[in-house]
Amino acid sequence: MILDREGMAIARLLSRGVAVAGVLYGASAWARTPDEIRVPGEIPGTVLHAEGVQIYECRPDAAHQLVWQAREPAATLMDGDNSVGRHYAALQWKAVDASTLTWEHRDGSSVKAKIVAQVAGRNSDDLPWLKFGVIAQSGDGLFYGVSHVQRINTRGGMAHGTCEQAWTYRSVPYSADYVFWRVE
């Protein structure tokens, strides 16, 4: 059966809606999204799964002890089995800005956001669940109009153990679901 462009667009929207409903139903029924990271008054635009690593750098903390500190994520955004984008930390004057994260879609749209709330992951190996406030966006694709991003259903990503040499790196595999929210 051959579908025209309009038919294909409707099929993609229905497919995406089923995926969003499935992840959100699973997330709320299975994990109950904590109040601290909810996005009231907005609707989910899409949900993408991410597979990647959280990169840590061994740096001195406020007490001058060497500890693993989060530097940046490097992840592939997936829609089902298809790679559709990437997620990473923004660069500011040739340095990583760990406070500003970026999601890029292959359609040319992107969002940059900062963390506005967080709750602990399910266990000590899982990255925290986060709510991000979008500070910039570009393109008119899938991420157009996104106002918030949630990171939920995290698996892995936390660095454990000591670090003994300053300015060394460690990559820890993680996966998560990212929910991209829009104002109704």
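**Entry 1**

I started with G156, which stands opposite Y174 in β8. I noted what a strand is here: helices (H or I, at least four residues) and strands (E, at least two) are DSSP runs, numbered from the N terminus. Two strands pair if DSSP finds at least two bridges between them.

**Entry 2: Ground rules**

This is a predicted model, in which local features need pLDDT of at least 70 and side-chain atom pairs count only at pLDDT 80 or more, while totals for chains, interfaces and linings use all residues. Residues are numbered from 1 along each chain as its sequence is written, and side-chain values use heavy atoms, with hydrogens and water left out.

I looked up the confidence next; pLDDT is the predictor's own score for each residue, from 0 to 100. The chain has a mean pLDDT of 85, and 81% of its residues reach 70 or more. Over residues 1-5 pLDDT stays under 50, and the model has 1 contact beyond four places in sequence for them. Residues 7-19 also stay under 50, with 5 contacts beyond four places in sequence. Contact means heavy atoms within 4.5 Å.

**Entry 3: Other strand pairs**

I counted 1 helix and 8 strands in the chain, and along the sequence they read α-β-β-β-β-β-β-β-β.

How many bridges join β1 and β8? Strand β1 (residues 42-60) pairs with β8 in the antiparallel sense over 15 bridges. E57 has Y169 in β8 as its bridge partner.

Then I followed K131. In β6, K131 is the bridge partner of A117, and in β7 the partner of K131 is Q150. β5 and β6 are antiparallel and share 9 bridges. β6 and β7 are antiparallel too, over 4 bridges.

**Entry 4: Ring pairs**

I found 4 aromatic pairs in the structure. The rule is that rings of Phe, Tyr and Trp (its six-membered ring) pair if their centres lie within 6.5 Å; planes under 30 degrees apart count as stacked, over 60 as edge-to-face and the rest as tilted.

Why is the pair of W103 and F132 edge-to-face? Their planes are at 75°, so they fall in that class, and their ring centres are 5.0 Å apart. W103 sits in strand β4 and F132 in strand β6 (residues 129-138), so the pair ties together parts that are 29 residues apart in sequence.

Buried means under 20% relative accessible area, exposed over 50%, and partly exposed in between (1.4 Å probe, protein chains only). W103 has a relative accessible area of 0%, so I wrote it down as buried. F132 is buried as well, at 0%.

W103 also forms an edge-to-face pair with Y178, 5.7 Å centre to centre and with 65° between the planes. Ring pairs join W103, F132, F143, Y178 and F180 into a cluster.

**Entry 5: The cores**

A nonpolar core is a set of buried Ala, Val, Leu, Ile, Met, Phe, Trp, Tyr and Cys residues joined through side-chain atoms within 4.5 Å. The largest one has 27 residues, and L77, W103, F143, V149, Y178 and F180 have the most contacts inside it. Which strand gives the largest share of this core? β8 does, with 5 residues.

I clicked on F180 and listed what it touches, leaving out residues up to four places away in sequence: among them are I43, P44, L48, W103, F143 and V149. A second, separate core has 9 residues, including V47, V119, W129 and I152.

**Entry 6: H105**

Is H105 buried or exposed? Its relative accessibility is 13%, so H105 counts as buried. H105 is in strand β4 (residues 95-105). Beyond its neighbours within four places in sequence, H105 contacts L48, V84, G85, L142 and F143.

**Entry 7: Whole chain**

Of the 184 residues, 40% count as buried. Among contacts between residues at least 6 apart in sequence, 59% join residues at least 24 apart.
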